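Please read them with the sequence and the model side by side.

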Amino acid sequence: MVKKILITSVIIASIGVAAMAHNGAKGIVKERMDGMSAMSKAVKALTPIMRGTAEYDADKVRSAADVMIKHAGEQMTSLFPEGTGGMPSAALPAVWDNWEEFSKISNELKAYAEGMKIAAGNGLVNEDEMQDDAMMGGATEGAMGGAMMGGEAMVTTEMFATMAVNAAFGMVAQTCSACHQKFRAKEN
């Protein structure tokens, strides 16, 4: 599970770098591309920390979470007014055709980033511990299972307060990935 989440985060980070390559973006399209690039850089900075290949630093996690919080939710949706699709934007018409879902995912991203910030002080848990927790029905299972993308369960602040930060990071990465799959054109 953790490996899948980390692979997803690397893919998301790569997509963000590709977004920077779009030439000719102006105005609100450029502003949203800049926001997406900032979030991508935040995910990319956290990936080695979440993998355990870089020293854990709760302040770096909180800082990256702040970047995501700043660019998600209503801030993100405000940058997608009707008629701002098409090149150089990678936004698919599905953004406007399914506005409710797009807004919901953007709000989930903000909530999960806020949760990751709360969980930053909890540190990492290794994959074996996450699997043990999931088998016991712990907070990681509740967060990773039912709360994602419209599931019945909702992750609460109290859950994030006890959750390993890499579980919260996984929720952020999966939310980014879900949004990109539905609402962003694939790079050629």
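1. Asp 66 and Lys 117 form a salt bridge, with 2.6 Å between the closest N and O atoms. Asp 66 lies in helix 3 and Lys 117 in helix 6 (residues 99–119), so this pair ties together parts that are 51 residues apart in sequence. Asp 66 is partly exposed, at a relative accessible area of 34%, and Lys 117 is also partly exposed, at 31%. Keep in mind that the model is predicted.

2. Another salt bridge joins Lys 182 and Glu 101, whose closest N and O atoms are 2.4 Å apart. Which parts does this pair tie together? Lys 182 belongs to helix 10 (residues 165–183) and Glu 101 to helix 6, so the linked parts are 81 residues apart in sequence. Lys 182 counts as partly exposed at 37% relative accessibility, and Glu 101 is partly exposed with a relative accessible area of 23%.

3. A salt bridge within one helix is formed by Arg 62 and Asp 59. The closest N and O atoms of this pair are 3.1 Å apart. Both residues sit in helix 3 (residues 58–71), and because they are 3 residues apart there, about one helical turn separates them. Is Asp 59 buried or exposed? Asp 59 counts as exposed, at 56% relative accessibility, because the cut-off for exposed is over 50%. Arg 62, with a relative accessible area of 29%, is partly exposed. In the whole structure, the search finds 5 salt bridges.

4. Next come the aromatic rings. The structure holds 5 aromatic pairs. One of them is Phe 80 with Phe 102, an edge-to-face pair with 4.8 Å from centre to centre and 70° between the planes. Phe 80 lies in the loop between helix 4 and helix 5, while Phe 102 lies in helix 6, so the pair ties together parts that are 22 residues apart in sequence. Phe 80 counts as buried at 6% relative accessibility, and Phe 102 is buried with a relative accessible area of 1%.

5. Tyr 112 and Phe 160 form a tilted aromatic pair, 6.4 Å centre to centre, with 55° between the planes. Tyr 112 is in helix 6 and Phe 160 in helix 9 (residues 157–162), so this pair ties together parts that are 48 residues apart in sequence. Both Tyr 112 and Phe 160 are buried.

6. Phe 80 and Phe 102 also belong to one aromatic cluster, together with Trp 96, Trp 99 and Phe 183.

7. The last point concerns the backbone. Most peptide bonds are trans. Met 87 and Pro 88, however, are joined by a cis peptide bond, with omega at about 5°. Pro 88 is placed in the loop between helix 4 (74–77) and helix 5 (94–97). Phe 80 lies in the loop between helix 4 and helix 5 too.

Terms used: Residues numbered from 1 in each chain as written. Predicted model: local features only at pLDDT ≥ 70, side-chain atom pairs only at ≥ 80, totals over all residues. Heavy atoms only, no water. Salt bridge = Lys/Arg side-chain N within 4 Å of Asp/Glu carboxyl O. Helix = DSSP H or I, 4+ residues; strand = E, 2+ residues; numbered from the N terminus. Buried < 20%, exposed > 50% of the residue type's maximum accessible area, 1.4 Å probe, protein only. Phe/Tyr/Trp six-rings, centres within 6.5 Å; stacked < 30°, edge-to-face > 60°.
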